Amino acid sequence: MITVYGYSSSGNCHKLRLLLTQLEREFKWVEVDSTAGATRTPEYLAKNPNGKVPMIETDDGRVLTESNAILCWLAEGTPFWAGDAFARAQVLSWLFFEQYSHEPYIAVARFIRGWTQLDSPRRASLPQLRERGNQALAVMEQHLKSNAWFSGEAYGIADIALFAYTAVADEGGFDLSAYPGVQAWIERVRQTPHFVAMPAPPIEVQSRLALRD
């Protein structure tokens, strides 16, 4: 049994729920509201000194952190991370892209719009975040002109990693209609076997996300 410590509204956490569901692996989910300080308790920090979600724990007490590292471990030996060394390295390149060029802008814009107060000074950074996020979406769009997936010839963990926050990019103020290839890819992911969508965020967060800025 694998225990996943995660916040359901987090794309980084949803990656694990999606992969584990599609692998048809049994797992236990422990909800950890990172926005309310639940990752900063002494008990949590004893397991993950970095104080972030997601985190997984095995029955024998081993702990693994960082969403994309966990994806690689879970997918080892499965079709979700297949191919020769070069093909697997290409998958890794997209995982690094997601964490360095995609998530810091698309996910953060969503967080600021939904999880900060309307008078938060952090909202001043939204235009710059959207500019950088659109650059990442343009890179994805270019790739999808000649490829159906980001994981090689078939759906895999690079698609799962990129899908999590791209599918809710509109909540960060991004207009995906400018990226038809990305939109078509999102629909392909949603049609994969045992797909599960990310749960809706809390009501108060949904209210802020619905506002125009």
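1. The largest pocket holds about 630 Å³ of space. A pocket here is an open set of points on a 1 Å grid over the protein atoms alone, where a 1.4 Å probe fits, with protein on both sides within 12 Å along at least five of seven lines, and lining residues have an atom within 4 Å of a point. The volume is the space filled by probe spheres set on the points, which are joined across faces, edges and corners.

2. This is a predicted model, in which local features need pLDDT of at least 70 and side-chain atom pairs count only at pLDDT 80 or more, whereas totals for chains, interfaces and linings use all residues. Residues are numbered from 1 along each chain as its sequence is written, and side-chain values use heavy atoms, with hydrogens and water left out.

3. Of the 23 residues that line the largest pocket, Ser10, Asn12, Val53, Glu103 and Tyr165 lie nearest its centre. Helix H4 (residues 85-115) gives the most to this lining, with seven residues; helices (H or I, at least four residues) and strands (E, at least two) are DSSP runs numbered from the N terminus.

4. Val53 is also joined to Pro54 by a cis peptide bond, with omega about 5°, and Pro54 sits in the loop between helix H2 (42-47) and strand S3 (55-58). Most residues other than glycine have a negative phi, and most peptide bonds are trans.

5. On helix packing, H3 (residues 67-75) and H6 (residues 157-166) pack at an angle of about 150° with their axes 10 Å apart, where axes are lines fitted to C-alpha atoms over the stretch in contact and angles run from 0 to 180 degrees between N-to-C directions. In contact (heavy atoms within 4.5 Å) are Asn68, Leu71, Cys72 and Ala75 of H3 with Ile157, Ile160 and Ala161 of H6.

6. Nine aromatic pairs are found in the whole structure, a pair being rings of Phe, Tyr and Trp (its six-membered ring) with centres within 6.5 Å, counted as stacked with planes under 30 degrees apart, edge-to-face over 60 and tilted for the rest. The rings of Phe150 and Trp185 have centres 5.1 Å apart and planes at 85°, so this pair is edge-to-face.
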